[in-house]
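Okay, thanks everyone for coming.

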Amino acid sequence: MKTTGMATTLVLISLAAGLSGCRTDTLGGSPAGTAPGETVQTTPTPPTTDGTTPTDTAPAPAESSSGAAASDPVGLEAGARLQSEQNTIEVVNRYEPGLVFISTEQEVTQDPLAMMYGGQGGSQVQQGVGSGFFVNDAGDILTNYHVVAGSDGSGSASRIRIRVMNQKDTVDATVIGLAPQYDLALIRPEGLDPALIRPIPLGDSSSLKVGQKAIAMGAPFGLDFSVSEGIVSSTSRQIPIGFSGGIGGEGITQKAIQTDAAINPGNSGGPLLNSSGEVIGINTQILSPSGQATGVGQSAGVGFAIPINAAKNLLPRLQAAKGGIVNPPRIGITAGLLVQGPQTPLAVGLGALTSQGKQQLNLPEQGLIIGQVQPGTPAARAGLQGGTRQQQFRGGAISLGGDVITAADGEPVDALEDLQAILIGKQEGETVTLTVMRDGQEREVKVTLDAAAFQ
């Protein structure tokens with residue numbers, strides 16, 4: 001993931017219910033989630049088709065006696081506004097009942113060492129809120145992983161509850177599947193009246209156009225069942241989404257939808273709809289310059305949503321996860337350059353070494369060294385080779401004699417996260433073209449993602 005030149009703040013937009021102060025961390029760091037839904041700095045019968053008024057059939061403006069067009073500040077312009085407003089009202093009335101308010105609870109030990117020294121220790125219950133929406137008649141609810149994640153970033157919160165529109169009572173929900181690296185989760189309510197399950201249709205994010213209407217639904221700052229409106233500002237913004245190792249891990253660069261619809265903490269996991277009432281994205285992050293200074297992210301008119309096509313592709317795997325973790329496809333390699341981290345060795349790319357050291361070892365300036373290739377995997381079938389010998393150095397070890405991946409599908413690779421960023425949108429049967437250095441010679445290797453890549 002490349003983060004150079006990012007001076008502003010990407011903030012995960014769930015809300016920690018005001019029980020603990022919100023924390024920010026620099027983009028590319030390792031923010032450890034201390035509460036599910038905490039804000040974290042890291043640098044989703046159609047009324048009309050587009051909610052706008054056709055202009056090609058509009059009557060020509062009347063001319064004054066002097067020949068100039070007479071202005072009509074209330075007529076046509078007001079009509080256009082009312083048509084767009086009516087479209088929004090119809091979409092909201094029809095599909096807002098499919099929105100879900102999510103609350104979580106997690107018991108956290110305040111001082112785990114206190115009992116060792118004669119103290120009483122103790123714990124507190126941290127709460128968080130977020131949003132989600134029904135995707136089928138079975139009651140499955142899509143939301144962000146960070147909305148329902150445990151406080152330490154692994155697994156889920158100890159209790160997840162949901163509430164639907166116009167209902168006072170909440171019901172417990174269970175986790176069907178978690179996908180941390182996609183920042184997606186699927187949960188299902190227990191004992192909810194089936195009549196209250198109102199799925200929202202899923203659209204096609206690949207057909208989006210900049211300028212289309214975007215309607216965001218969710219619970220900004222815990223204000224449940226709120227709606228805001230804007231446009232699609234960009235359809236292919238690359239930002240770090242998901243977590244490479246739990247909620248405290250580094251985000252993996254993925255394509256996102258940018259919108260100026262007001263999105264704030266608590267909107268996480270809520271739907272972004274088009275003017276036909278179809279979900280085009282799942283609200284997930286905001287760009288918040290104020291969040292860097294105050295620790296509380298607020299809308300600056302730049303919000304991001306996970307494209308719904310990414311969630312649609314992942315949905316069958318989430319439904320089959322049986323409460324477990326869904327990982328992106330893997331080709332079956334381990335990194336061959338490790339440095340000692342605070343607790344365990346960390347895999348890094350060649351960019352972490354000095355130029356002098358790389359020259360001495362006849363290695364490229366950047367790339368991912370393959371340490372081992374696991375048998376029976378796509379990498380093995382493609383003929384990739386792992387290191388043949390290992391060399392220790394102060395603070396780490398490096399595998400030599402194997403392949404070095406320098407690019408994937410034309411994009412530079414210098415870490416496992418860079419490779420994952422390319423693989424994360426792939427489906428079974430697709431291929432990834434790797435640029436590989438072997439014995440000082442560059443070549444291309446096509447790796448096919450079979451069923452083993454998704455196990």
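Let's start with Gln390, which stands opposite Ser399 in S19. That pair belongs to two antiparallel strands, S18 and S19, the latter covering residues 396–400, and five bridges join them. By the way, keep in mind that this is a predicted model.

So where do those two strands sit? S18 and S19 are part of an open sheet of four strands, in the order S16-S15-S19-S18, with antiparallel pairing. Which strands stand at the edges of this sheet? Those are S16, residues 345–347, and S18, residues 389–393; each has a single partner strand, so one side of each is left without a neighbour in the sheet. On average, neighbouring strands here are turned by 25 degrees against each other, if you ignore direction.

Okay, let me zoom out for a second. The protein chain has seven helices and 23 strands. Of its 455 residues, 49% are buried. Its accessible surface comes to about 20600 Å², and 50% of that belongs to carbon and sulfur atoms.

Now, another strand: S12, residues 279–287. How many of its nine residues are buried? Nine of the nine, so S12 is largely enclosed by the rest of the structure. Strand S12 has antiparallel partners that we can look at in turn. Strand S11, residues 271–273, is joined to S12 by three bridges and runs antiparallel to it. In that pairing, Leu272 stands opposite Gly281. S11 and S12 make a hairpin with five residues between them, and in the turn you'll find Gly277, with a positive phi of about 80 degrees. Then there's S13, residues 303–307, again antiparallel, with five bridges to S12. Here Ile282 has Ile306 in S13 as its bridge partner.

Next, a single residue, Ile102. You'll find Ile102 in strand S2, which spans residues 99–109. Is Ile102 buried or exposed? It counts as buried, because its relative accessibility is 0%, and the cut-off for buried is under 20%. Leaving aside neighbours within four places in sequence, Ile102 is in contact with a list of residues, including Val129, Thr143, Val147, Ile160, Arg161 and Ile187. And if you look at Gly222, 120 residues away along the chain, its C-alpha atom is 9.7 Å from that of Ile102.

On to Asp140, in the loop between strand S3 (123–134) and strand S4 (141–143). Asp140 also counts as buried, because its relative accessibility is 2%. What does its side chain make a polar contact with? The side chain of Asn136, at 2.9 Å. Not counting residues up to four places away in sequence, Asp140 touches several others, among them Phe133, Phe134, Ile187, Arg188 and Gln319.

Last stop, the aromatics. The count of aromatic pairs comes to one. That's Tyr145 with Phe243, a tilted pair, 5.9 Å centre to centre and with 55 degrees between the planes. The pair links distant parts of the chain, since its members are 98 residues apart: Tyr145 is in helix H2, residues 145–148, and Phe243 is in the loop between strand S9 (226–241) and strand S10 (252–259). Both partners get their label from accessibility: Tyr145 counts as buried because it is at 1%, and Phe243 counts as buried because it is at 3%.

Methods: Residues are numbered from 1 along each chain as its sequence is written. This is a predicted model: local features need pLDDT of at least 70, side-chain atom pairs count only at pLDDT 80 or more; totals for chains, interfaces and linings use all residues. Side-chain values use heavy atoms; hydrogens and water are left out. Two strands pair if DSSP finds at least two bridges between them. Axes are lines fitted to C-alpha atoms, for helices over the stretch in contact, and angles run from 0 to 180 degrees between N-to-C directions. Buried means under 20% relative accessible area, exposed over 50%, partly exposed in between (1.4 Å probe, protein chains only). Contact means heavy atoms within 4.5 Å. Accessible areas come from the Shrake-Rupley method with a 1.4 Å probe; for residues, only the protein chains shown count as cover. Rings of Phe, Tyr and Trp (its six-membered ring) pair if their centres lie within 6.5 Å; planes under 30 degrees apart count as stacked, over 60 as edge-to-face and the rest as tilted. A polar contact is a pair of N or O atoms within 3.5 Å; within protein, one must be able to donate a hydrogen and the other to accept it, and residues adjacent in sequence count only if both atoms are side-chain atoms.
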